[in-house]
Amino acid sequence: MALGLPASFFQYIPFNNLSKLEFQHTAIRCCQELNWTIITLDDNEIIAETNPANGTWNEKIKINFQGSDPLIISTSNGKQIYDRGRNKLNTEIFFEQFNIFRKEVPTTIATDCIIDSLNASNIDAFQKNEASEKVITSFYSPLSILIPVKNYFITPILLSINGFLFFIMFFSGVRFFSPKTQDIISWGGNYGPLTIDNEWWRLLSSCFIHIGFIHLVANCFALAYVGLFLESHLKRITYLSLYLFCGTIASLTSLYWNDDLVSAGASGAIFGMYGLLIVFLTTKTISKKLNSNTIFFIVFFVIINLLGSFKEGIDGAAHVGGFLAGIIFGSIYVVLKNHRSRALLLITTITITAVVTIGFYCTQKKIYIYDILEYRSRMQEFVDMEKMALEAYRSYSGDNKEDVLYMIKERGIYYWDENSNLIKELDQLYLPKKIHDQNKQLILYCLLRKQVYQLGYKKIKENTSMYDGPIGALNYKIERLLKEIEKHQKE
């Protein structure tokens, strides 16, 4: 394995009694035999490129025979800092092939014959393709998605930021696979009440915070794959800007659509980039010749993930919002492809307008957000009075009969009435349907508790067991209702 910036490997090759012209001719034959594309050829140097399978970055081969000992240098063309031994392998296979050909001592060789021995169309084809994009569709290894290289520079930086923040969160005490909701909020998740309340930075910070390791890994591989196609087509600043704009629009969509949801993750921005890619592919803006299987995989991946966005616990609004933003931005970019700076300016204007417009609308919903906060704050009163009501029934069961009756009626029944009135008052607030449904259950809960206390009061006062059956039936209803309320709260 060679390391460097970029990674490279070199090896000296002796002339072995060959003349410079003979050496040159043999080197040309080696390149042709190894299916390397010869770029340039002169009296002192041959420059060629490998043709790797699977669409990975290739290597540039320089064979210099100007000095006393010819030198072959293989350098990673993508500017990656490691190569998994590919550069060394290139020099070794060249050396092996050279040793085979050098035994075939040629007769008189003219320079024109050497050039004619090349497939001239190879050089012409390369020169034509030099202006177009490299067909890079895969990586050296899973680790290579994190290595910045030529035409793949911004994506690994984004991936590294996501990973770095995740592990900082983990080492600070956040759970590895299933972080608590409060932890996500504390680290910058997009949460309506806080985002709207002058914490607009959460629209962007939430794009770099992930809800568990599985969430992080899935998003990282999706981003690496789309970045592999898009970065070579877009300038770095344009690519980064589009990514951040799509992420911001995705967060805004989530804020607009969801009333009370904590949203986090890069998936909204990633869906935006896939929207861009689909526009570029369908309009043939990207000149890479992708096979039908690759295009089918991209479309299939987007459709499946968009459909999966509507499952419980997934922020489908952010996914759809990011994807539509990518479609719109991609369309603008295609229409103004000859004026890229204007396209980026228009996209920036649209993003800022969306932030201001949707942000203004959401601030008008502040009363709604604050109603939720008021509800949650005053529900502590419910908990406190519930505790006192239950203590009134249990704590005095062995005391004087009059004291027990007093506590049941004046404290127990009293606090259940107060709790029932509290929930009815809070139910007048502007709240989500889910909370209104929960309020109905809580009012029924208070009513059932009150009925138990009333029957318990009669049982103690009349000193009879005739009320035990009805009390048991009510307690059974209460247990079932509490389970329903708990299940409702978890949904």
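Guide: Helices (H or I, at least four residues) and strands (E, at least two) are DSSP runs, numbered from the N terminus. This is a predicted model: local features need pLDDT of at least 70, side-chain atom pairs count only at pLDDT 80 or more, and totals for chains, interfaces and linings use all residues. Residues are numbered from 1 along each chain as its sequence is written, and side-chain values use heavy atoms, with hydrogens and water left out.

Visitor: In which helix is V299 found?
Guide: The residue numbers settle this point. Helix α12 covers residues 292-308. V299 is therefore found, given that helices are DSSP runs, in α12.

Visitor: What is the relative accessible area of V299?
Guide: Buried means under 20% relative accessible area, exposed over 50%, and partly exposed in between (1.4 Å probe, protein chains only). V299 is partly exposed because its relative accessible area is 35%.

Visitor: How many residues of β3 are buried?
Guide: Strand β3 comprises residues 45-49. This strand is mostly covered, the buried count among its 5 residues being 4.

Visitor: Which residue in β4 is the bridge partner of I47?
Guide: Two strands pair if DSSP finds at least two bridges between them. β3 and strand β4 (residues 59-64) pair in the antiparallel sense over 5 bridges. The bridge partner of I47 in β4 is K62.
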